[in-house]
Amino acid sequence: MFPGQPLARGAALPPDEGFTSIAELVRQRAGFDLLTSSWLRQESTENVGLQLYGVGMSLYMNRKKRSAGIQPAVVAEHSMGIYPALAACSSLPEAEVIELTWRVGACLAEMGKNRGFALGCIIGLTCEPVLAIAGNSGTHLANHNTSRHFLLCGRKENIETAVAEALAQGAFSAKVFDCDAPLHTPLISELETPLRQIFADYSYAEPCGVLIDHLEQNRLKAKDLPDFMFRQLCMPVYWERTYRALVGMGVKRFHEIGAGEALKKYNRWIASETDQK
């Protein structure tokens with residue numbers, strides 16, 4: 001399982017040569033120094049830097065799993081986790097995955113230059129009231145992670161309104177996080193032409209093994225990838241459905257390959273609800 005963008009860097013970076021090698025690829029292909037979190041060429045945003053950090057950590061951890069003899073039978077991804085997932089499936093080389101992450105991130109960051117966007121993380125409410133809050137506030141569902149964990153995305157002032165309403169309705173937690181663009185919402189269609197061009201610039205090999213998407217939980221083929229990678233930026237991430245689909249396929253052992261353990265936590269919550277039924 002490849003997670004999406006982390007909200008912050010980890011306390012310490014891996015000290016071994018494997019991570020140094022990945023960091024060098026990031027310097028070469030994206031002009032970003034993972035060790036110092038600084039731009040070496042064209043300056044970009046903090047969020048693009050976090051995206052490169054997240055992808056770098058996923059690529060590093062994927063190498064570690066491979067060297068330990070752990071080969072994935074099935075690969076799943078959450079949001080921008082699709083990029084390192086492509087390397088895990090041998091569909092794109094690591095260097096191209098890093099370059100793709102940077103190019104897409106820089107393109108998306110253009111939306112935020114003159115407008116403020118944010119994510120609203122809502123925990124504790126069920127889907128129906130969250131969707132009602134989105135409709136009331138002019139925001140959009142971006143992540144359906146569990147039955148009680150959702151992200152909304154949109155203009156910052158609208159997200160602040162949504163978060164306030166969620167708290168008033170009894171959410172356990174509701175927080176605002178600034179972002180460069182309204183990811184996983186229809187608003188991204190504004191950038192359809194440049195984003196589709198970026199995705200079309202790469203030659204995708206047929207994924208080795210099973211690569212499952214987080215929209216309809218279908219098996220992705222090489223021909224599907226350019227269109228899927230654009231569509232997934234415009235549509236919500238459905239992780240709860242994805243986890244249940246993986247279990248339904250017979251998957252019993254899950255490895256989270258990236259910074260943090262968000263997907264493991266989501267899985268435990270979803271599994272606990274299943275056990276209670």
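Ser79 sits in the loop between β3 (74-76) and α3, where helices (H or I, at least four residues) and strands (E, at least two) are DSSP runs numbered from the N terminus. Although Ser79 is not a glycine, its phi is positive, at about 60°. With a relative accessible area of 11%, Ser79 is buried; here buried means under 20% relative accessible area, exposed over 50%, and partly exposed in between (1.4 Å probe, protein chains only). Gln217 is another residue other than glycine with a positive phi, near 60°, and it is found in the loop between β8 (210-212) and α8. Gln217 is buried too, with a relative accessible area of 18%. For context, most residues other than glycine have a negative phi.

The model is predicted, so local features need pLDDT of at least 70 and side-chain atom pairs count only at pLDDT 80 or more, while totals for chains, interfaces and linings use all residues. Residues are numbered from 1 along each chain as its sequence is written, and side-chain values use heavy atoms, with hydrogens and water left out.

Turning to the strands, five of them form an open sheet in the order β7-β4-β6-β5-β9, with mixed pairing; two strands pair if DSSP finds at least two bridges between them. At the edges of this sheet are β7 (173-179) and β9 (237-238), each of which pairs on one side only. Strand β4 is joined to β6 by seven bridges, and the two run antiparallel; within this pairing, Leu119 has Cys153 of β6 as its bridge partner. Strand β4 also pairs with β7 in the antiparallel sense, over seven bridges, and Ala118 stands opposite Asp178 in β7. Six of the seven residues of β4 are buried, leaving this strand mostly covered. Further along, β5 (residues 140-146) and β6 (residues 149-155) pair in the antiparallel sense over five bridges, with Leu152 in β6 as the bridge partner of Leu141.

The packing of the interior comes next. A nonpolar core is taken as a set of buried Ala, Val, Leu, Ile, Met, Phe, Trp, Tyr and Cys residues joined through side-chain atoms within 4.5 Å. The largest such core has 62 residues, of which Leu195, Phe199 and Met229 touch the most other members. Two or more residues of this core come from each of α1 (17-30), α2 (46-67), α3 (82-88), α4 (94-109), β4 (117-123), β6, α7 (192-200) and α8 (225-234). The element that gives the most to this core is α4, with eight residues. Another core, of 15 residues, lies apart from it and has Ala118, Val130, Ala134 and Val163 among its members.

Over the whole structure, 17 salt bridges are found, a salt bridge being a side-chain nitrogen of Lys or Arg within 4 Å of a carboxyl oxygen of Asp or Glu. One of them links Arg29 and Glu99, whose closest N and O atoms are 3.1 Å apart. Arg29 lies in helix α1 and Glu99 in helix α4, so this pair ties together parts that are 70 residues apart in sequence. Arg29 is partly exposed, at a relative accessible area of 27%. Glu157 and Arg155 form a salt bridge at 3.9 Å, N to O; Glu157 is partly exposed at 42% relative accessibility, and Arg155 is partly exposed at 32%. In the salt bridge between Asp224 and Lys223, the closest N and O atoms are 3.1 Å apart. Asp224 is partly exposed at 23%, whereas Lys223 is exposed at 71%. Salt bridges that share partners also join Glu192, Arg196, Glu216, Asp227 and Arg231 into one network.

Finally, the cysteines. The search of the whole structure finds zero disulfides, a disulfide being a pair of cysteine sulfur atoms within 2.5 Å. For Cys89, the closest cysteine sulfur is that of Cys208, at 5.6 Å, which is too far for a bond. Cys89 is buried, at 0% relative accessibility. Cys107 is likewise in no disulfide, the nearest cysteine sulfur being that of Cys234, 11 Å away. Cys107 is buried at 11% relative accessibility.
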